[in-house]
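Subject: Handing over the model

Hi there,

Here is the structure I promised to pass on to you. Could you have a look at it alongside my notes below?

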Amino acid sequence: MQKKFLQICLLACALLLPATIPMAAQASVQAPNVVLGTGTDKVDVTSRFRGRDILVFGALSHSGEVIVVLRSPDSAVAVTRKTQMGPIWITGKKVTVSQFPGVLLINSSAPLDKILPAAGRNALGLDPRGILEKAKYEPELRDKAAWESAVIAAKERQGTYQVRSESVTIQDGRLFSTHLHLPASLPLGTYELGVYLVNHGKILAQSQQKIDVQQVGLEEWIADYAEHQPWLYGVVLTLFLAFLGLGLGIVMQRKS
């Protein structure tokens with residue numbers, strides 16, 4: 001709460017400071033700028049995590065459109081294709097796609113194609129298909145476009161890829177706010193939050209911030225233990241399952 005209060009004070013200073021500077025000085029000193037704030041810089045993931053909304057807000061030194069982007073570290077996903085054999089469908093070819101963001105959330109104050117041209121969107125990584133064209137596919141594919149469409153469709157269903165136009169609110173041409181919705185299933189790591197001020201197809205200013213998505217509680221302890229002591233973790237897990245099976249067997253015998 002204290003950090004959020006400081007962020008709001010910074011925003012107020014960013015808005016009020018130009019009013020105290022003479023007009024002649026403003027013309028030579030004030031450059032396009034974006035002041036960025038968030039409701040949190042850390043997201044804790046537990047077994048009961050069902051997703052979360054993150055408030056993003058800030059101030060603009062100049063008028064224009066706003067694009068807010070939240071991008072996770074790169075991840076990998078396995079995609080399979082169903083194949084029909086007679087009257088039934090079976091799992092066919094499997095492809096692993098890697099080296100692309102596991103989560104990509106894009107909010108904007110207007111449709112992206114109205115704010116930036118295609119080249120600008122690709123340069124910022126705002127086009128999911130453009131991102132997947134640079135991803136790594138194993139094995140190599142001839143019909144890559146079909147698999148790209150399948151990956152995008154799956155990510156959109158999961159909510160890990162979202163493009164929400166006209167979801168950023170701008171007040172008085174200076175204050176902006178929006179909500180980013182993190183889905184229930186998401187990769188861990190340090191996420192990159194970026195805000196871009198755009199006018200007439202050009203980026204006037206931008207601001208960046210990090211958001212840590214971390215596992216906490218018992219899940220964090222188990223994951224850390226499995227990573228640093230894998231052989232001991234395997235032995236303990238095997239013994240636990242063996243005792244659990246033995247206990248269930250004794251209980252069932254008594255009931256019978």
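Strand E7 (residues 104-108) is largely enclosed by the rest of the structure, because five of its five residues are buried. Buried means under 20% relative accessible area, exposed means over 50%, and partly exposed lies in between (1.4 Å probe, protein chains only). Helices (H or I, at least four residues) and strands (E, at least two) are DSSP runs, numbered from the N terminus. Both faces of E7 are covered: Leu104, Ile106 and Ser108 are buried on one side, and Leu105 and Asn107 on the other.

Before I go on, a word on the source: this is a predicted model, where local features need pLDDT of at least 70 and side-chain atom pairs count only at pLDDT 80 or more, while totals for chains, interfaces and linings use all residues. Residues are numbered from 1 along each chain as its sequence is written, and side-chain values use heavy atoms, with hydrogens and water left out.

Back to E7 and its partners. Two strands pair if DSSP finds at least two bridges between them. Strand E4 (residues 65-71) runs antiparallel to E7 and is joined to it by five bridges; Val68 has Asn107 in E7 as its bridge partner. E7 also pairs with E9, in the parallel sense and over four bridges, and there Ile106 stands opposite Val163 in E9.

E9 (residues 161-164) also holds Gln162. With a relative accessible area of 16%, Gln162 counts as buried. Contact means heavy atoms within 4.5 Å, and Gln162 is in contact with Leu104, Leu105, Ile106 and His181, leaving aside its neighbours within four places in sequence. A polar atom of the Gln162 side chain lies 3.2 Å from the backbone oxygen of His181. For reference, a polar contact is a pair of N or O atoms within 3.5 Å; within protein, one must be able to donate a hydrogen and the other to accept it, and residues adjacent in sequence count only if both atoms are side-chain atoms.

Elsewhere there is an open sheet of four strands in the order E1-E3-E11-E10, with antiparallel pairing. Its edge strands are E1 (34-38) and E10 (169-171), each of which pairs on one side only. From one strand to the next, the twist averages 20 degrees (axes are lines fitted to C-alpha atoms, for helices over the stretch in contact, and angles run from 0 to 180 degrees between N-to-C directions). E10 and E11 (residues 175-182) pair in the antiparallel sense over three bridges, and Gln171 has Leu175 in E11 as its bridge partner. The loop between E10 and E11 contains Asp172. Asp172 is not a glycine, yet has a positive phi of about 55 degrees; at 79% relative accessibility, Asp172 is exposed.

Two other backbone details may interest you. Gln99, in strand E6 (residues 88-101), is not a glycine either but has a positive phi of about 65 degrees. Glu138 and Pro139 are joined by a cis peptide bond, with omega about -5 degrees. Pro139 sits in the loop between strand E8 (136-138) and helix H6 (144-158).

Glu138 brings me to the salt bridges. A salt bridge is a side-chain nitrogen of Lys or Arg within 4 Å of a carboxyl oxygen of Asp or Glu, and by this rule the count comes to four. Among them is the pair Glu138 and Lys136, at 3.2 Å from N to O. Glu138 is partly exposed at 42% relative accessible area, and Lys136 is partly exposed at 37%. Glu192 forms another with Lys210, the closest N and O atoms being 3.5 Å apart. This pair links distant parts of the chain, with Glu192 in strand E12 (residues 189-199) and Lys210 in strand E13 (residues 202-215), 18 residues apart. Lys42 and Asp44 also meet through their side chains, at 3.9 Å from N to O.

Finally, the totals. The chain has eight helices and 13 strands. Of its 256 residues, 34% are buried. Among contacts with a separation of 6 or more, 71% are between residues 24 or more positions apart.

Happy browsing, and do write back with any thoughts.

Best wishes
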